[in-house]
Amino acid sequence: MATTDTTLALPKCWQTLNECLDSGIDRVILFGPSGIGKTFAGLTMGEVEAGAHRLVCAEDMTTGDVTGHFLQEENGTFRWMFGAALKAWQGNGVRGGRLVADEIDKAGGDVAATLLAMLDSPESASWEHPNTGQIIKPLDGFSVIMTTNVEDMRELPTALADRFPVRIRINEPHPNALKRLSPDLRPMAIRSADAGERRISLRAFYDFDKLRTTLGMERAAEIVFHERASSILDAIAIEKVSV
Amino acid sequence: MKAKDNSLAPMPELLSRNDTEHGRWTVRDCEPRRGIPMTSIVGRDMLAPVQDSPNARCIRAHEMMHAKVSPADSFFEWQERKIASVKALTVVEELRVNYLCTKAGFNMKEHLTDGGEMADGERCVALGDWSAAVAMTIACATTASQKAFLTGVRRHDRKWGKMLLDIAKRAKKEMDLAYKTGTLASTEICPVTKLSPVGFVHTERIAEWVDRLMEFDPNDEPDDEKGKGEGDAEDEGEGEATGETKKATGAVRPTNSKKSTKGSEGTGTPRTISDVDAHKASRNIPSWMELKIEKVPMPKLTKGNLGKKRVASDTGKNPRRMHRLLTDPDRKIFDRVIRGQGGVVLIDASGSMSFSHSQIREIVESAPGCTVAMYSDLGNNSTNMWILAEKGKMCETLPKANSNNGVDFPALQWAIKQRQRSSSPVVWVTDGGVVGTHGMHDILTLQCVNECLKHRVIVVEDVTAAKELLRAMQNGQKKKREWPGSFTDVYRRKNGGLLPE
């Protein structure tokens, strides 16, 4: 990730993540409200020169997305396509890459089981290529960042959660993500990111910020915030009393 | 009124403060009625109406403004400063919040009312509850409630109505002045006192004034017209700030009233309500340094202490002094036990004062068993108060001081607590130049004066006077206070009368 804007202090959660990655921690769970940059952080923060590979977990995904699958070619032969986890294992061929497993709580049973094998400690992790029989092991530098919106880590499969003792709750957007927003809206965007059911996404603030320059505050709020426009405009008016 | 819609629920999560951490809030619906909506900043809990009506919107704005600017968990610390009462702080905070809502664009003057204010006004007059009337006036000022409340008051007492209208106008003007400082809505933490939010200092300052207004006896205000039970007077002013409050109140100020003359020159009672003035708005929080006490080694013994002593008496159980039957015309043949009076002498040892070790000894000998302490802030966060004599012992040399004051009020509070018994005198030796963390401030001076009045502290201007006073008291003579010029000056400016002797 690009260097942080010096005018915006790095929130504690992001500082913790930086400290963990700088200290060589290679298994981290990032959890917290959606839309504040957990995935982006996984893809860009720390050592990712050897590549970062994203795996979006869903109920109907298969283990093929994790390890790989055969793809039929035009000439009738089959070519093996590596999945995200194996790509990350191999990285750039010299150093292992980064696997970013999104929405890990949504993975089905067989995918979770495969992930267990893929995320095992480097000494015991290995995988046999179904075509060539080659034994593949994760290269040095392989790291994993899992993200989830689940607040209670007990909801994750125990064996999977055990592999990730470092769990960081991300409750504020990264300052670099806020730079796109006008300064007067930044504190509100930070505060609303972790407002539970009443949260307003950072993306909504981006659009509101853009629209208000041409349509004015009220119209922009109506378009973006709909029935909550009045409350949000009132909050903005009160916020301006002391800034 | 349209149907309820939770989408209109206030959004306190969006508000930023410098003195608290943000987080999730619980927002619940309630009736739009005085006393029900509430905001807990610490618990992040808000009760506010979610109806689609101008009145409900103003109440939501009011609660949101509380969430934005009111003290969170520091209210107790403000209260403990003892500059203003909790009641006054509460009503002035309502005023500040309503004023800031108006500044934010909410039409509080038109819509913030619950319909019961007129009856409240009538009730206050019927019960003769001036303090409650002042409190309600302040809480309602700048809102639609003010007009209804004052109308209710005027129905039964036009004089009260006029006085309260004057108070409302002046309160609004005080807020205008505070707003101009740019700190009225500040939620910063004061770097010196660590108090927050800084904007609340204006609430405290005005609350101190409101306390004095609530103590004012409306009967002292001279009548300039007969006004009891004059009926409705809705058309009278409802509190528009004219910026000429003194002029506006000029009509009720007496010119040759006997009572007011007496009040001004004799008892210290304010002449008119308009003589009771607020302190000047400032950006700083008037505050004291933390008191750091050191007991100086006391190798010297002095005459007498607080021990009990037997004296002859004409009543008793055992006739221990039978010889007096022949020698004493009063025939005091019995014994009576008396105790030394003791006392506490607190000495302002700032640069403007001077005294010597021998003078301290004379004080101790004048009041056997008294406690003597001096204070001065040396500016290096070290000891700022030294106990020089106690229980018949005293120090050999005086510590070096003669710097700033810094701790006048905390030292005074300490001295009052040291009284050996409730009748023991507390003498404060000061030239009246009390100075807090940010220098001199009328609020601080008045705080010291009020403490002296409340606890019967005798103020004298130098150590020699203290010695003479204690000696005279020891002989049963009563002595008057010698208020320093700065004390009488501040008191007269703020309350319009002289300090009681």
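**Stop one: where the chains meet**

Start by selecting the 21 residues of chain A that are in contact with 25 residues of chain B; contact here puts the C-beta atoms, placed from the backbone, within 7 Å. Now colour α7 (186-193) and α10 (229-239) of chain A, the elements that each give two or more residues to the side touching chain B. Helices are DSSP runs of H or I with at least four residues, strands are E runs of at least two, and both are numbered from the N terminus. The largest share, 8 residues, comes from α10(A). Switch to colouring by residue type and that side of chain A splits into 8 nonpolar, 5 polar and 8 charged. Nonpolar covers Ala, Val, Leu, Ile, Met, Phe, Trp, Tyr, Cys and Pro, charged covers Asp, Glu, Lys and Arg, and the others, Gly among them, are polar.

A quick note before moving on: this is a predicted model, where local features need pLDDT of at least 70, side-chain atom pairs count only at pLDDT 80 or more, and totals for chains, interfaces and linings use all residues. Residues are numbered from 1 along each chain as its sequence is written, while chains are lettered from A and ligands numbered from 1 in the order in which they are written.

**Stop two: chain A by domain**

Select 12-169 for domain 1 of chain A, then 180-242 for domain 2; an automatic or database domain assignment sets these bounds. Their C-alpha centres are 35 Å apart.

**Stop three: chain B**

In cartoon view, chain B has 17 helices and 13 strands.

Note on methods
Contact = placed C-beta atoms within 7 Å.
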